Amino acid sequence: QVQLVESGGGLVQAGGSLRLSCAASGSTSSIATMAWYRQASGKQREFVARIISGGSTQYVDSVKGRFTISRDDATNTAYLQMNSLKPEDTAVYFCDAHTTWMPPRDYWGQGTQVTVSS
């Protein structure tokens, strides 16, 4: 089992910055990939950023150059640094951990609200 707890969300003005944290516990050695997704009101969940165990990263086009995902293996924590925030970034942000178990499985945190005012 893997447990995830997100934190760091809040209210910020457009152009501001926030850093989200995702603390993992349990069978953390089995986590191959950690990722961030978001879900705005009335919208489907969408992929935001992903980091694999080897360090490679992927981002949705709309956040490239503004968001940075990172991972601290010593503390089993993933981060999402969000700069130059826009009102369109307003959403509940969820952390996802993808394991190497057979079959593989995804674990999700409870989400943290990010609100960007104009």
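Buried means under 20% relative accessible area, exposed means over 50%, and partly exposed is in between (1.4 Å probe, protein chains only). We're working with a predicted model, where local features need pLDDT of at least 70, side-chain atom pairs count only at pLDDT 80 or more, and totals for chains, interfaces and linings use all residues. Residues are numbered from 1 along each chain as its sequence is written, and side-chain values use heavy atoms, with hydrogens and water left out.

**Exercise 1.** Work out how Ser-84 and Asn-76 are placed and classified.

*Solution.* Start with Ser-84: look in the loop between S8 and S9. (Strands are DSSP runs of E, at least two residues, numbered from the N terminus.) Its relative accessibility is 41%, so Ser-84 counts as partly exposed. Next, check the backbone: phi of Ser-84 is near 50°, a positive value in a residue other than glycine.

Now Asn-76, in the loop between S7 and S8. Phi is near 55° for Asn-76, again positive in a non-glycine residue. Asn-76 has 29% relative accessibility and therefore counts as partly exposed. For background, most residues other than glycine have a negative phi, and most peptide bonds are trans.

**Exercise 2.** Find the cis peptide bond and say which loop holds its proline.

*Solution.* Go to Met-102 and Pro-103: the bond joining them is cis, with omega at about -5°. Then place the proline: Pro-103 sits in the loop between S9 and strand S10 (106-108).

**Exercise 3.** Describe the largest nonpolar core and what Leu-4 touches.

*Solution.* A nonpolar core is a set of buried Ala, Val, Leu, Ile, Met, Phe, Trp, Tyr and Cys residues joined through side-chain atoms within 4.5 Å. The largest one has 28 residues, and Leu-4, Met-34, Trp-36, Leu-80, Met-82 and Tyr-93 have the most contacts inside it. Among the elements giving it two or more residues are strand S1 (2-7), strand S4 (31-39) and strand S8 (77-82). Then zoom in on Leu-4: leaving out residues up to four places away in sequence, its contacts (heavy atoms within 4.5 Å) include Cys-22, Met-34, Cys-95 and Trp-108.

**Exercise 4.** Summarise the whole chain.

*Solution.* First, count elements: zero helices (H or I, at least four residues) and 11 strands. Second, take burial: 41% of the 118 residues are buried. Third, look at contacts: among those between residues at least 6 apart in sequence, 54% join residues at least 24 apart. Finally, the C-alpha atoms fill a box of roughly 45 × 25 × 25 Å along the principal axes.
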